[in-house]
Amino acid sequence: MTGLVAQLTSRISFCAAHRLYREDFSEEYNRELYGPCTTDHGHNYVIEATVSGRIDPETGMVLNLVQLERFLHEEIFEHVDHRHLNRDVPFLKGVIPTAENLAVIFWQRLVGRLVPFKGARMHCLRVQEMPGSEVCYFGEA
Ligand SMILES: [Zn+2]
């Protein structure tokens, strides 16, 4: 990539319920792994998508920030807000909805929307379940 490079970040929040539990693990092992998260509970999630790319000298933008925010709404918010992540979201079927897994799947949903924007690529997808800690996914190693 040549030229001037910038990162854009767009942030959304949503409320959802989930449970961390594997049917094929014993009750004790589930509790050991996931602690109190083995039972239904909710979070006020904050999701941040950071896109990096070359600043187009003609438009002065990497990507229109309004568009990035729209992608977050269409690919994530509309499907998960006020839902139970284990039961109500088809694209999360069979996935243990840890913050890590959500970050990977949300990344995968957004990356396709960036294809038309040649200089832009996903840099990081952050998932915060509660203030003070978050998961950052940077794509495949
Ligand atoms: Zn939780």
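Tutor: The sulfur of Cys124 lies 4.5 Å from the closest cysteine sulfur, in Cys136. That is too far for a bond, because a disulfide here is a pair of cysteine sulfur atoms within 2.5 Å. Cys124 is buried, at 2% relative accessibility. Buried means under 20% relative accessible area, exposed over 50%, and partly exposed in between, with a 1.4 Å probe and protein chains only. The structure holds 0 disulfides. Cys37 is in none either, and the nearest cysteine sulfur, that of Cys15, is 16 Å away. Cys37 is partly exposed, with a relative accessible area of 21%.

A word on the source. This is a predicted model, in which local features need pLDDT of at least 70, side-chain atom pairs count only at pLDDT 80 or more, and totals for chains, interfaces and linings use all residues. Residues are numbered from 1 along each chain as its sequence is written, and side-chain values use heavy atoms, with hydrogens and water left out.

Now the sheet. It is open, with 5 strands in the order 3-1-2-4-5 and mixed pairing. Strands (E, at least two residues) and helices (H or I, at least four) are DSSP runs, numbered from the N terminus. Two strands pair if DSSP finds at least two bridges between them. Strand 3 (83–84) and strand 5 (133–137) stand at the edges. Each has a single partner strand, so one side of each is left without a neighbour in the sheet. Strand 4 (residues 120–130) and strand 5 run antiparallel, joined by 4 bridges. Met130 stands opposite Ser133 in strand 5.

Next, the helices. Helix 2 (residues 65–80) packs on the sheet and touches strand 1, strand 2 and strand 3. Contact means heavy atoms within 4.5 Å. The direction of helix 2 makes about 20° with that of strand 1. Axes are lines fitted to C-alpha atoms, for helices over the stretch in contact, and angles run from 0 to 180 degrees between N-to-C directions. Helix 3 (residues 99–111) lies across strand 1, strand 2, strand 4 and strand 5, at about 145° to strand 4. Buried residues of helix 3 include Leu102, Phe106 and Trp107. Their cover includes helix 2, strand 4 and strand 5.

Last, the metal. His18 (NE2), His41 (NE2) and His43 (NE2) coordinate the zinc ion at 2.0 Å. Donors are N, O and S atoms within 2.8 Å of the metal (3.2 Å for Na, K and Ca); water is not among the atoms, so sites may look incomplete.
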